Amino acid sequence: STASTGSTTAPAVPDFPLERSGRCPFDPPGEHRDWQRAPGLQQVRLWDGTRIWAVTRHEEVRAGLRDPRISADGLHPGLPSLAASRKMAPEEVVFPRMDDPQHAEQRRMLTGAFTVRQTEAMRPRIQEVVDDALEGMIAGGRPADLVTKFALPVPSRIIAVLLGVPYEDHDLFEDSSKLLLDLSADVERVQAAKQWLYTYLLDLVRRREREPGDDLLSRLVAERVTSGELTRRQAVYIARALLVAGHETTANMITLSTLTLLRHPEELARVRDTDDPRTVADAVEELLRYQTIAENAVVRVALEDITIGGQPVRAGEGLIFCLPVANRDGGLLDDPDSFSIDHQARGHVAFGYGIHQCLGQNLARAELQIALPTLLRRLPGLRLAVPFEEIEFHGKRVTFGAARLPVTW
Ligand code: HEM
């Protein structure tokens, strides 16, 4: 867009992040589409005045995220922070904010717990957790808040079990995680949340050193901290990354997916009534693409002078990869703005791409593939308890979602 200043016309540098419009919360901000259509990359301005490049086209997102000249290094001064509270202290930096080979070294310590096979083995447990949450919600009566009764407890319980974090503490770790992902929260409040999570998880790591359990944190401690491959502090920050990334993302997906399906009754009926797990899997992939909740998650910095989409980017300049609009690129699929289980857009980037592609994606898929059909079958009369217009969506956060979803049945 351009802004007129007297007789000269200077291109304005838009602020980042912009919010999705409340009227159509599934669509990326309209400006992102203009950027996608314009040649080169769009320059955007962050909270502190820093200017970085927004990458919006699907092909360039994929190319950029597999380019070793583009770094996710949390120690690099050019790596963008989308809020003051997102700035990381050096000791906080673990594999999501490292480049290979250090990234791969740490990620490899965890991949065993997140393979397709491991996740398949967890399905009965996930089903139990889903059934349990659903019966609890029903017992609580109508109307109910789907977020607090179902969408949040399911992934929160699962990641707690997997990591070995006591679920009794869920209110505390959920509230702190929420603050860590909020781009408009007070720096002091985020610092306090970080401090609480650090102390909490450090205490847990120490406990697992003394009394190991059958969980990921115990194994990390026994295999990697004891051997000196990880410091205790690194183990704590890895646990924090998994705990935070592991529940809020999937919770937002369950919430928004329910909403999307309620607004597409024919697609909802297909998910509810099918015997074919492929239909459910296709629906989940399409929900991931259509909603692309990780909207402010993927920041990078150029290590060398490079060119992306015809745009020269200098060494040290920051980049933001706009996944929602990239997943609405006509180059990825036809009719990208409609929601259809038949779309089969296998190349979507809802989990990112390249070496940092989501570690928890198999787990997230399994949770969604179990939670959604179970909910729809158990409550065939499920509907919103308030007009759509009254639903409040998240503002500026790392991941998009809604704080509450009042439903009845
Ligand atoms: C990375 C999305 C669920 C753990 C990512 C990235 C995205 C993403 C876009 C890439 C970030 C980047 O490139 O900078 C999602 C979505 C989820 C989800 C949409 C839910 C539907 C989970 C779960 C876990 C998890 C359940 C559980 C542990 C991680 C971790 C990384 C990551 C550890 C960093 C991987 C690396 O740097 O190698 N996720 N995620 N995510 N995700 Fe997820």
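The notes below start with the whole protein and then move to particular parts.

Keep in mind that this is a predicted model. The protein has 14 helices and 12 strands, and buried residues account for 43% of its 409 residues.

**Overall build**

- A compact globule of 409 residues would have a radius of gyration near 22 Å, and the protein comes in at 21 Å, which agrees.
- Taken along the principal axes, the C-alpha atoms fill a box of roughly 65 × 55 × 35 Å.
- Look at contacts between residues at least 6 apart in sequence, and 69% of them join residues at least 24 apart.

**Around the ligand**

- The ligand has 24 residues around it, and G246, G352, H356, C358 and G360 come nearest.
- Two elements give two or more residues to this shell: α10 (232-262) and α14 (361-378).
- Helix α10 supplies the largest share, with seven residues.
- By type, the shell splits into 17 nonpolar residues, six polar ones and one charged.

**A three-stranded sheet**

- Strands β6, β12 and β11 make an open sheet in the order β6-β12-β11, with antiparallel pairing.
- At the edges sit β6 (144-145) and β11 (383-384), each pairing on one side only.
- In general, strands of a sheet pair through backbone hydrogen bonds, either parallel or antiparallel.
- Between β6 and β12 (residues 406-408), the antiparallel pairing runs over two bridges.
- If you want a spot to look at there, A144 stands opposite V407 in β12.

**Helix α8**

- Helix α8 (residues 187-210) has 24 residues, so at 1.5 Å a residue it should span 34 Å; its end C-alpha atoms are 35 Å apart, which agrees.
- Its buried residues are V190, A193, L197, Y200, L201, L204, V205 and R208.
- As a rule, an α-helix has 3.6 residues a turn, so residues three or four places apart point the same way.

**G64 and its neighbours**

- You'll find G64 in helix α2 (residues 58-65).
- G64 counts as buried because it has 25 C-beta neighbours inside 10 Å, where 20 or more is the cut-off.
- Leaving out residues up to four places away in sequence, G64 touches V55, I70, I308, L319 and F321.
- G64 and H348 are 284 residues apart along the chain, and their C-alpha atoms are separated by 15 Å.

- Most residues other than glycine have a negative phi, and most peptide bonds are trans.
- F16 and P17 are joined by a cis peptide bond, with omega about 0°; P17 lies in the loop between β2 (8-11) and α1 (30-37).
- A cis peptide bond also joins R142 and P143, with omega about -10°. P143 belongs to the loop between α4 (116-139) and β6.
- T292 has a positive phi, near 25°, and lies in the loop between α12 (277-291) and β7 (299-302). With 25 C-beta neighbours inside 10 Å, T292 counts as buried.
- Q344 has a positive phi too, near 50°, and is in the loop between α13 (323-326) and α14. Its 13 other C-beta atoms within 10 Å make Q344 partly exposed.

Methods:
Residues are numbered from 1 along each chain as its sequence is written. This is a predicted model: local features need pLDDT of at least 70, side-chain atom pairs count only at pLDDT 80 or more; totals for chains, interfaces and linings use all residues. A residue is near a molecule or strand if its C-beta atom, placed from the backbone, lies within 6 Å of it. Helices (H or I, at least four residues) and strands (E, at least two) are DSSP runs, numbered from the N terminus. Ala, Val, Leu, Ile, Met, Phe, Trp, Tyr, Cys and Pro count as nonpolar, Asp, Glu, Lys and Arg as charged, and the others, Gly among them, as polar. Two strands pair if DSSP finds at least two bridges between them. The expected span of a helix is 1.5 Å times one less than its number of residues. A residue is buried if 20 or more other C-beta atoms lie within 10 Å of its own, exposed if 12 or fewer, and partly exposed in between; C-beta atoms are placed from the backbone. Two residues are in contact if their C-beta atoms, placed from the backbone, lie within 7 Å. The radius of gyration is taken over C-alpha atoms; the globule rule is 2.2 Å times the number of residues to the power 0.38.
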